[in-house]
Amino acid sequence: MKDTAKHQGLRNQLVSLLQQKGITDKNVLDAISKIPRHLFLNSSFEDYAYQDKAFPIGAGQTISQPYTVAFQSQLLEVKKDDKVLEIGTGSGYQTAVLCTMGAKVYSVERQNELFKKTSVLFPKLGLRPKHLSFGDGYKGLPLHAPFDSIIVTAGAPIIPKPLMAQLKIGGRLVIPLGEDVQIMTLLIRKNATQFEKHEFGEFRFVPLLEDKN
């Protein structure tokens, strides 16, 4: 589990690139400058870990490109000790960013292979998500609700109703909506029944699948 000065230099370059692309949240940029992304990837990708690219991580899934992670994280407007529900732990990189930003992260992964991998990886990196679970992200985590914010890291054809129900009033739900190409969508819960919707252009994600394997 090596993290060297060279890796730090590459992270600093990545942070500069993200700033050029319009990421302004200091909390997000600080987290990305600290997290050893190369340790979330298969070692064959280590040399490319700090490029702004997505990579395969097994189980037909990908680690999102850093810009996408930063963009979604910035939309959440995370404050220290916010309860954040993450749908799709994946490699655990987005989870690590949220933890480093001070959030209490509750994360759900439907691929057992990835769930096992991150369960072992987080303690090695000194990261302590509040709760990791293997299950169906469409259902969220009703036992731990309500959440200050919810992030979905896979493309969804619709916004799952349980997730809307588990969001606090004033809370933010960030989800890529659509089939082939997704529109990054932010919902802000105004009251028991009303949500304000904002759209932020096209992104590409692996699909959000219902019912776990």
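Reader: Is phenylalanine 147 buried or exposed, and what is its relative accessibility?

Author: Phenylalanine 147 counts as buried, because its relative accessibility is 0%; buried means under 20% relative accessible area, exposed means over 50%, and partly exposed is in between, with a 1.4 Å probe and protein chains only. The model is a predicted one, in which local features need pLDDT of at least 70 and side-chain atom pairs count only at pLDDT 80 or more, while totals for chains, interfaces and linings use all residues. Residues are numbered from 1 along each chain as its sequence is written, and side-chain values use heavy atoms, with hydrogens and water left out.

Reader: Where does phenylalanine 147 lie, and which residues does it touch?

Author: Phenylalanine 147 lies in strand β6, where helices (H or I, at least four residues) and strands (E, at least two) are DSSP runs numbered from the N terminus. Leaving out residues up to four places away in sequence, phenylalanine 147 touches Lys83, Val84, Leu85, Tyr106, Leu141, Gln166, Leu167 and Lys168, a contact being heavy atoms within 4.5 Å.

Reader: What kind of peptide bond runs from alanine 145 to proline 146?

Author: That bond, from alanine 145 to proline 146, is cis, with omega near 0 degrees, and proline 146 has its place in the loop between β5 and β6. As a general point, most peptide bonds are trans, and most residues other than glycine have a negative phi.

Reader: Which residues here have a positive phi without being glycine?

Author: Glutamate 77 is one of them, with a phi of about 50 degrees, and aspartate 81 is another, with a phi near 70 degrees. Glutamate 77 is found in the loop between α3 and β3, and aspartate 81 has its place in that loop as well. Aspartate 81 is partly exposed, at a relative accessible area of 41%.

Reader: What about α3 itself, how many of its residues are buried?

Author: Helix α3 is mostly covered, since 11 of its 11 residues are buried, and among them are Tyr67, Phe71 and Leu76. The residue that follows α3 is glutamate 77.

Reader: Which residue forms a salt bridge with glutamate 77?

Author: Glutamate 77 pairs with arginine 172, and their closest N and O atoms are 3.4 Å apart; a salt bridge is a side-chain nitrogen of Lys or Arg within 4 Å of a carboxyl oxygen of Asp or Glu. Glutamate 77 lies in the loop between α3 (66–76) and β3 (83–87) and arginine 172 in strand β7 (residues 167–177), so the pair ties together parts that are 95 residues apart in sequence. Glutamate 77 is partly exposed, with a relative accessible area of 45%, whereas arginine 172 is buried, with 15%.

Reader: How many salt bridges does the structure hold, and which residue does aspartate 148 pair with?

Author: The structure holds 9 salt bridges. In one of them, aspartate 148 pairs with lysine 168, with the closest N and O atoms 3.0 Å apart. This pair links distant parts of the chain, as aspartate 148 is in strand β6 (residues 147–152) and lysine 168 is in strand β7, 20 residues apart. Lysine 168 is partly exposed, with a relative accessible area of 33%.

Reader: And how far apart in the helix are aspartate 30 and lysine 26?

Author: Aspartate 30 and lysine 26 are 4 residues apart in helix α2 (residues 26–34), which means that about one helical turn separates them. Their side chains meet in a salt bridge of 2.8 Å, N to O. Aspartate 30 is partly exposed, at 29% relative accessible area, while lysine 26 counts as exposed, at 57%.

Reader: Last topic, the whole chain: how many helices and strands are there, and how much of it is buried?

Author: The secondary structure of the protein chain comes to 6 helices and 9 strands, and buried residues make up 54% of its 213 residues. Along its principal axes, the C-alpha trace spans about 50 × 35 × 35 Å.
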